[in-house]
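Please examine the sequence and the structure shown below.

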Amino acid sequence: MSSRVPRTPSSARPPIRPARCPNGTWETASARPHARLRPGVIGYRGFRLAFPGPRARLEAPIGAVTLMLGFEGAVRITEATGGWVGVGGRGGQGGARPDGLRTAELSVVLSGMSTTPVLGEHGGRLAGVEVLLTPWAAFTLFSVPLHELSGWRVHPDALGALPDAAVARLAHELGELSSWRARFQLLDTTLARWLEAGPPCASGTVRAWYALTHSGGAAPVTRIADQVGWSVRHLENRFREQIGISPKGAARVLRLQRARRLLCSGATQAETAAACGYYDQAHLSGEFKAMTGCTPREFFLARGVHVDPGGPPATDRLAGEATSLVLRGRTRTGSASFSKTTGDH
């Protein structure tokens with residue numbers, strides 16, 4: 001089968017949002033992948049940021065895998081558990097950065113599913129394309145068991161499944177192109193070729209994944225196993241290989257993803273806890289703290305604080321979901337210096 005992706009109306013000029021203010025400039029562009037790649041490849045988002053100083057974002061766990069293909073600047077990614085990252089507006093300055101946290105500084109990043117938050121920081125200049133993937137499509141794309149990501153962020157070329165430096169080369173080629181439309185078309189062609197060459201995901205894994213997502217993480221694992229005709233143990237093994245975390249771990253992520261959306265749409269904590277299947281508000285608050293590093297109230301208030309007047313919008317990774325918090329632009333305790341990095345990290 002040819003990997004050439006024919007042109008379709010979806011290849012039309014993508015919507016672009018450029019802006020300029022005293023604090024810098026930014027530009028974003030988004031597009032749906034070619035129909036041949038959907039639903040496994042969820043979407044593309046291009047970005048170009050130019051600010052005079054560092055920026056930081058808290059990223060909560062989501063029900064997707066993210067591939068960032070940077071062609072200018074690098075992102076420093078640090079574990080953000082334990083509440084040390086302050087998110088509560090004026091008073092939420094957080095604490096000192098603890099010792100021993102896992103951290104990585106990369107320009108090309110593959111982020112698998114995880115049940116813990118991370119802090120992403122960059123030096124002010126950053127450009128690239130973010131590709132959002134279903135976990136089962138990421139398994140086929142990179143041809144490795146997703147548990148090898150171990151809930152962390154890596155350079156995809158380090159996994160060794162694709163030809164040497166294939167992803168770094170793709171990022172470089174994207175940066176050489178002059179338009180977002182051309183970049184998105186290159187992604188369509190390249191990802192189609194990689195997906196065709198990769199191992200197929202088990203149909204039962206895909207059915208189980210969608211049963212879990214459609215329930216918002218509320219469906220019991222035993223019921224899902226019965227629906228796909230597998231034992232719970234077999235389902236757990238398949239999820240570990242082809243989703244990256246256990247069915248229960250994935251359910252936690254999807255349930256909290258729904259809870260964040262409800263809270264940010266105006267639901268109370270009591271209403272959210274009941275709707276999402278938590279025992280009570282304390283259960284919701286405990287899960288929220290463990291998986292975002294802050295309480296539901298802190299998260300909600302931070303989403304409502306315009307932290308960077310005149311700055312770029314807080315672009316969430318999943319459309320219609322509350323996935324990220326843009327933090328105040330400042331150099332944080334223990335921050336590293338930033339420099340442009342290559343794909344060798």
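This is a predicted model: local features need pLDDT of at least 70, side-chain atom pairs count only at pLDDT 80 or more; totals for chains, interfaces and linings use all residues.

Student: Are the planes of Trp26 and Phe51 stacked or edge-to-face?
Tutor: The structure holds six aromatic pairs. In the pair of Trp26 and Phe51, the ring centres are 6.4 Å apart and the planes meet at 25°. Planes under 30 degrees apart count as stacked. The angle of 25° therefore makes this pair stacked.

Student: Does Trp26 count as buried or exposed?
Tutor: Buried means under 20% relative accessible area. Trp26 has 11% relative accessibility, so Trp26 counts as buried.

Student: Which residue lies over the face of Phe51?
Tutor: The distance from this residue to the ring centre is 4.5 Å. The residue over the face of Phe51 is Arg55.

Student: Why are Trp180 and Phe184 separated by about one helical turn?
Tutor: Trp180 and Phe184 form a stacked aromatic pair, with 6.3 Å centre to centre and 25° between the planes. Both residues are in helix α3, residues 180–197. The separation is about one helical turn because Trp180 and Phe184 are four residues apart in helix α3.

Student: What relative accessibility does Phe184 have?
Tutor: Trp180, its partner in the stacked pair, counts as buried at 4% relative accessibility. Phe184 also counts as buried. The relative accessibility of Phe184 is 5%.

Student: Which residues form one aromatic cluster?
Tutor: Trp180 and Phe184, the stacked pair in question, belong to this cluster. The complete cluster is Tyr44, Phe71, Trp180 and Phe184.

Student: At what distance from the ring centre does Arg183 lie over the face of Trp180?
Tutor: Trp180 counts as buried, and Arg183 lies over the face of its ring. The distance to the ring centre is 4.5 Å.

Student: Which strands stand at the edges of the open sheet?
Tutor: Five strands form this sheet in the order β7-β6-β9-β4-β12, with antiparallel pairing. A strand at an edge has a single partner, so one side of it is left without a neighbour in the sheet. The edge strands are β7 (103–106) and β12 (324–326).

Student: What is the bridge partner of Ala56 in β9?
Tutor: β4 and strand β9, residues 118–122, pair in the antiparallel sense over five bridges. In β9, the bridge partner of Ala56 is Glu121.

Student: Where is Thr81 found, and with which residues is Thr81 in contact, leaving aside its neighbours within four places in sequence?
Tutor: Thr81 is in the loop between β6 (75–79) and β7. At 31% relative accessibility, Thr81 counts as partly exposed. The C-alpha atoms of Thr81 and Val118 are separated by 7.5 Å, although the residues are 37 apart along the chain. Apart from its neighbours within four places, the contacts of Thr81 are Thr116, Pro117 and Ala290.

Student: What percentage of the residues of the protein chain count as buried?
Tutor: The protein chain has ten helices and twelve strands. The chain contains 345 residues, and the buried share is 52%.

Note on methods. Residues are numbered from 1 along each chain as its sequence is written. Side-chain values use heavy atoms; hydrogens and water are left out. Rings of Phe, Tyr and Trp (its six-membered ring) pair if their centres lie within 6.5 Å; planes under 30 degrees apart count as stacked, over 60 as edge-to-face and the rest as tilted. Buried means under 20% relative accessible area, exposed over 50%, partly exposed in between (1.4 Å probe, protein chains only). Helices (H or I, at least four residues) and strands (E, at least two) are DSSP runs, numbered from the N terminus. A charge sits over a ring if NZ of Lys or CZ of Arg is within 6 Å of the ring centre and within 35 degrees of the ring normal. Two strands pair if DSSP finds at least two bridges between them. Contact means heavy atoms within 4.5 Å.
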